[in-house]
Amino acid sequence: MKNQKNIDVMEQAKDQKEVIIEIKDLYKSFGDHKVLDGFHMELYKGENLVVMGKSGSGKSVMIKCLVGLMQPDSGYISVLGNEIKKLDRETLDVLRSDIGFLFQGSALYDSMTVRENLEFPMRRHKEKFGEIKDTTPLVMDALESVGLASTIDLMPEELSGGMQRRIALARTLILQPKIILYDEPTTGLDPITSKEIIELMRNIQIKYGTSSLIITHDVDCARVISDRMILLVDGINYAEGKYTDLIQSNDPKIEAFFKK
Amino acid sequence: MGGKSVNFEGCIALQIQKIDLKIKTPNKIRQSLTEIGELSYFAGRFFKEALRPPFEFNEFLRQCYHIGYRSLTLVLVTGFIIGLVLDLQSRPTMIQFGAVLWMPNMVGISIVRELGPVITALVCAGRISSGIGAELGSMRVTEQIDAMEVSGTNPFKYLVVTRVMASILMLPLLVVVSDAVSLFGSALIENIQGNVSFQLYFNTIFDALSYTDLIPALIKTFFFGFAIGLVGCFKGYYSKKGTAGVGVAANTAVVMTSLLLFVIDFVAVFISNIFFDV
């Protein structure tokens, strides 16, 4: 019932086109190498936006600029109405609790158990949770969402790659974010585990009503999950549209993305 | 127009300066100077973050356990062997000069003032600094530091401040333990070879030592601890990508810390000679 309500709210928000992430004229170079050359995009509330590009095309750089991990050379980035460049450290940290980030390599803290990994971001955001004496129900809820409640006391090294990716997803969920950024969520996983992760991403969006920005070069992932796609070529938005529209294009650069 | 010409002239001046720098300073020197500058900035950030709440007390205690308690066996063994070797090496010469009665004084002063602090610090540089460098380096490579950052945690405060503080606090304690074990080692040799009782040996050592030996030696160990923690964290925190980067971070952390320890030791001895009249 709650899931159906979330779907209705998301559909309504998509129709209203409420912008929650806005990027304009983003430029970033490393030495003489231009990575982003005037990139722009908008993510609407409740939307799954996929940004596709070749390796080294600047997808990860763009997503890192979005959360303040990297400073762009110039450009405008706004998340949930806050211009990232103008935020001080503390305000940025508070804003970050509304943004979940799934790293390409999971990035679980390997000196901590699964439980500690999930508790770690919670104790930093007391303004969101207040003083919680027992974090177990919240941790269990997040773990159950990814189907790994039994791993609570295991160390990351005891988990497979797919399980680590799921735990990392649970860690982003525990802060109840409004937006989830996925950096290559299926890279390095076998096809079956990749499908499981994609399914999980869809379920999470329905359950929590989040908006997602997905960086990938996995066409299957883009096909299943995207509401809209941006193809990033030479640091610019080369093409933009729905998967079904882009796949019919005759442009050789666009065709190259979808060729099997 | 005038403004434009000023900017243009400024640009030219900057370019000339750059060319001048390129000609006059070889690459390695420039790299070293840049690294010293970055390390100084890193140290400045440490003091800024260390004084600002929230304080990561639990992580600090965990690091005290790792840096202090886990180094104890190594320090005990090396300290004991230094005491044994120093006594064994010095004894024949002291006998030759008819100065064997001065053995406790010579051993006590050299261990407490110099050998204990410096050798313990060097041993700890090998264990602690490289360990921190490798740990933070691998955290950087696997994006764990970035993950902390995006979860709203200040990784500098959580990872760097706690480790450097623990290192500052633990090194003096390790040096005290090392000194005690070294003196026991030398007492053991004296007891076996010279038939000197432990009580007489230690009474002679404590009579020979004064606060001007103990205090400067102890103060410098806080700086040794600071250097060990800081360089390890600096190298690991800014480790380059890839597994090779982690190896380089661990390796250069030890090399840079060891060099820094000798510089600090020289400065400390120089200053204590001025202030303590030793």
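**Entry 1: a helix pair in chain B**

I started with two helices of chain B, α5(B) and α10(B): B:Val118, B:Ala121, B:Leu122, B:Ala125, B:Gly126, B:Ser129, B:Ser130, B:Gly133, B:Ala134, B:Gly137, B:Ser138 and B:Val141 in α5(B) meet B:Gly245, B:Val246, B:Ala249, B:Ala250, B:Ala253, B:Val254, B:Thr257, B:Ser258, B:Leu261 and B:Asp265 in α10(B). I count two residues as in contact if their C-beta atoms, placed from the backbone, lie within 7 Å. The residues of this contact split into 12 nonpolar, nine polar and one charged.

Helix α5 covers residues 103-141 and helix α10 residues 243-276, and the two pack at an angle of about 150 degrees with axes 8 Å apart. The axes are lines fitted to C-alpha atoms, for helices over the stretch in contact, and angles run from 0 to 180 degrees between N-to-C directions. α5(B) passes α10(B) in a right-handed crossing. Right-handed is when the near helix is turned clockwise from the far one by less than a right angle, left-handed when anticlockwise.

Housekeeping: this is a predicted model, with pLDDT of at least 70 needed for local features and 80 or more for side-chain atom pairs, while totals for chains, interfaces and linings use all residues. Residues are numbered from 1 along each chain as its sequence is written, and chains are lettered from A and ligands numbered from 1 in the order in which they are written.

**Entry 2: the two chains**

I looked up chain B as a whole: it has 10 helices and zero strands. Helices (H or I, at least four residues) and strands (E, at least two) are DSSP runs, numbered from the N terminus. The radius of gyration of chain B is 24 Å, well over the 19 Å that the globule rule gives for 278 residues, so chain B is more spread out than a compact globule. That radius is taken over C-alpha atoms, and the rule is 2.2 Å times the number of residues to the power 0.38. The C-alpha atoms of chain B fill a box of roughly 90 × 45 × 35 Å along the principal axes.

Chain A has 11 helices and 10 strands. For its 260 residues a compact globule would have a radius of gyration near 18 Å, and chain A agrees with 18 Å. Its C-alpha trace spans about 55 × 40 × 40 Å along the principal axes.

How much of each chain is buried? I get 36% of the 278 residues of chain B and 42% of the 260 residues of chain A. Buried means 20 or more other C-beta atoms within 10 Å of a residue's own, exposed means 12 or fewer, and partly exposed is in between, with C-beta atoms placed from the backbone.

Among contacts with a separation of 6 or more, residues 24 or more positions apart make up 87% in chain B and 69% in chain A.

Where the chains touch, chain B gives 10 residues and chain A gives 14 residues. The chain B side divides into two nonpolar, five polar and three charged.

I checked B:Ile228: beyond four places in sequence, its contacts include B:Ala121, B:Ala125, B:Ser129 and B:Thr257.

**Entry 3: single residues**

B:Tyr237 is in helix α9 (residues 211-237) of chain B. It counts as buried because it has 20 C-beta neighbours inside 10 Å. Leaving out residues up to four places away, B:Tyr237 touches B:Leu136, B:Arg140 and B:Val160.

Most residues other than glycine have a negative phi, and most peptide bonds are trans. I noted some exceptions. The bond from B:Pro53 to B:Pro54 is cis, with omega near 0 degrees, and B:Pro54 is in the loop between α2 (27-50) and α3 (57-67) of chain B.

A:Gln176, not a glycine, has a positive phi of about 50 degrees. It is in the loop between α7 (161-173) and β7 (179-183) of chain A, and counts as partly exposed because it has 16 C-beta neighbours inside 10 Å.

A:Glu184 also has a positive phi, near 50 degrees, and is in the loop between β7 and α8 (191-208) of chain A. Is A:Glu184 buried or exposed? Buried, because 21 other C-beta atoms are within 10 Å.

Terms used. Nonpolar A, V, L, I, M, F, W, Y, C, P; charged D, E, K, R; others polar.
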